Amino acid sequence: MGVQTPNGFNLDTSGKRIVVDPVTRIEGHMRVEVNVDSDNVIRNAVSTGTMWRGIEVILRGRDPRDAWAFTERICGVCTGTHALTSVRAVEDALQIRIPENANSIRNLMQLALQVHDHIVHFYHLHALDWVDVVSALSADPKATSALAQSISPWPLSSPGYFRDLQGRLKRFVDSGQLGPFKNGYWGSKAYRLPPEANLMAVAHYLEALDFQKEIVKIHTIFGGKNPHPNWLVGGVPCPINVDGVGGVGAINMERLNYITEIIDRSIEFNDQVYLPDVAAIGSFYKDWLYGGGLSGKSVLAYGDVPENANDYSPANLLLPRGAIINGNLNEIHPVDHRDPNEIQEFVTHSWYKYPDETKGLHPWDGVTDPHYELGPNTKGTRTNIESLDEGGKYSWIKAPRWKGHAMEVGPLARWIVGYAQGKPEFKEPVDKLLKDLGLPTAALFSTLGRTAARALESQWAAYKMRHFQNKLIANIKAGDSSTANVDKWEPKTWPSEVKGVGFTEAPRGALAHWIKIKDTKIENYQAVVPTTWNGSPRDPQGNIGAFEASLMDTPMADPNQPVEILRTLHSFDPCLACSTHVMSEDGQEMAKVTVR
Amino acid sequence: MDAFRQPKILMLGIGNILWADEGFGVRALETFNALYAASPNVSLLDGGTQGLYLVQFVQEADYLLVFDAIDYGLEPGTLKLVQGDEVPKFTGAKKMSLHQTGFQEVLSAADMLGGYPEKLVLIGCQPQDLEDWGGPLTTPVRDQLRQAADLAAIILEQWGARCRLRARGEAFAPLLGNDIDMTHYEIQTL
């Protein structure tokens, strides 16, 4: 029994309903409801973003040259990538060309963000879905040291190091303040690592937390400050003055050498810590290959990291571009952001209003008109929902579709496209990792595959940073110190009506901003963010989105401890891009799990 | 801390300026910066919603003063001063905390890594409206910005930092620019 979706999933709502609200350790607010059968296998999944984000409304009437500063505030974690997407959209609209140095610096900032975000995501938001912190307390430090040394030459691996760390962890847990570790289901049967692997992972959790502050210094140097670095339509805001000594803001040789050092350390951390950890953790979970969802069917990548400035065609982009549908890896479809029939957003199941909701709207003609109404089968009240009715409107996230298809975006989507294109820099590391784990290619289409692709991408991005750093230095040495083109800075030089699109590959996936400028002000601004793709609700045809699809057919060890749900959702690095956070008197509340 | 060294004081404003009263923390810091000049051992940081990414700034601070919106069920606009060990209790994640990391977790992480501030104060404000995405601060909260800044100045003095009111027309580096400073943001959204 059940309903077959056009994208190939059989939804059965007859079993008991489990509600997880909020899903913890993500950016933003998200709720998930699933139905499980008598064996606790997920047979229906409903994912909802419960916060409205209306950046589109905020930006209307503002100066397009400042849009980046607003979009940087949408989200607490991918600030820079929104800013970059925004300046690209404005440059596209106004036909502004940026200098080569600006392209290299932007790539360095974007790649640094990828590395930073991927490392922080893995260790601080996702590892705890695989690693049992409390179990680490019973590890043997000597055996932990032997394990660590067997997988990596990373120097922090002595028995004494792990013994000290275990002592610190024990004091921390004993003091009753689990702090960052509080939202976990410690002791659940879903955890499989031996205590020693858990202790090693906790050590790297702390090392990563300490190391991440180094990577963001790249943003501080090029963007003038961090958090919230500065960006500029027409280039980058930092002047280059190689002969300068200690000048405020200007990029000189001393700063460039410092960046080179950070890049070297990033490469080392990826090579010696992040990748070996993912492989080691993966080896204990390699028969847990659930969570593939749409990844084996339909994936989308816009591409990013232009080798040369001002050329956003696929051949010039180092991150791949293309769409794969219905699991056919032999055909990679081109993607056109400007074609009104390709990318469209639907709101049949979203809390917005369109004049005709059977049709989708291209973002240039996008409408953001909130309309909160619940389906007839909703249980509870408007303000206190017990369970949602996915037959009606049920999410603040719109449903973007590419030529009508629900798509997955993100590191795994990018790596699948690169793999399918046969590009060795994507294919070879994937094949090697799979071979080391003794897994077939199909294993890539899983939660674990998503987590592994992110790690491979972090490593890839760190090496590409070195490439653009060398390129930047060579170009400066050749006498080019230009970082900005201000020819069209003055609004009086602009046409009265223009439109543009800017796109990037944000850490969590394909991101684009569409802008219309009229009489020097923003007339319409639409951002379709990665989590809009992945977290989308159903569309008029009944296709389920990537989060929903990924949960299907996953068995749960204990429905009261939704470790498996969190593990798979976290593997997307969800970011609901709203980031409010008010402190409350009675903190400490864990995700509420309700079983009905 | 070295007895002969000036303590490093960090003033941190947190919250999302695009979300009505959620912007209190950053706006209060912006107000302080417009009103007061503090001695060089005091630094100001617009932390936005950066969560765990703020850990290194917290670690580096000897004394930490945080501005933030706190939901304590009080009258909208009520200021609340919280000190020392009481601060983490006020900064936990709950349903209202949609952020990936409550500030409590940032404090714990700083503690685990080593570098928990020796002195810690939170100046909180009860929000009225958190639902108004893109909206400005509500009147009861905006009316408290000056008082929050004055309160911070008193605390800085108690911490041995010098702090003086800026002269009328004195030039200073603004905390925020590009149209998201309070004057421009709020004028256009009002």
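Reader: What do S14(A) and S15(A) form, and with how many residues between them?
Author: S14(A) and S15(A) make a hairpin, and two residues lie between them. Strands here are DSSP runs (E, at least two residues), numbered from the N terminus. This is a predicted model: local features need pLDDT of at least 70, side-chain atom pairs count only at pLDDT 80 or more, and totals for chains, interfaces and linings use all residues. Residues are numbered from 1 along each chain as its sequence is written, and chains are lettered from A and ligands numbered from 1 in the order in which they are written.

Reader: Over how many bridges do S14(A) and S15(A) pair?
Author: Over 10 bridges, in the antiparallel sense; two strands pair if DSSP finds at least two bridges between them. In that pairing, Gly500(A) has Ile515(A) as its bridge partner, and Val498(A) stands opposite Ile517(A).

Reader: What is opposite Ile517(A) in S16(A)?
Author: Ile522(A). S15(A) and S16(A) run antiparallel and are joined by seven bridges. Their hairpin also has two residues between the strands, and Asp519(A) takes a positive phi near 50° there.

Reader: Which strands are at the edges of the sheet?
Author: The open sheet has the order S14-S15-S16 in chain A. Its edge strands are S14 (497-506) and S16 (521-528) of chain A, each pairing on one side only.

Reader: Why is S15(A) largely enclosed?
Author: Nine of its 10 residues are buried, so S15(A) is largely enclosed by the rest of the structure. Buried means that 20 or more other C-beta atoms, placed from the backbone, lie within 10 Å of the residue's own.

Terms used. Helices (H or I, at least four residues) and strands (E, at least two) are DSSP runs, numbered from the N terminus. A residue is buried if 20 or more other C-beta atoms lie within 10 Å of its own, exposed if 12 or fewer, and partly exposed in between; C-beta atoms are placed from the backbone.
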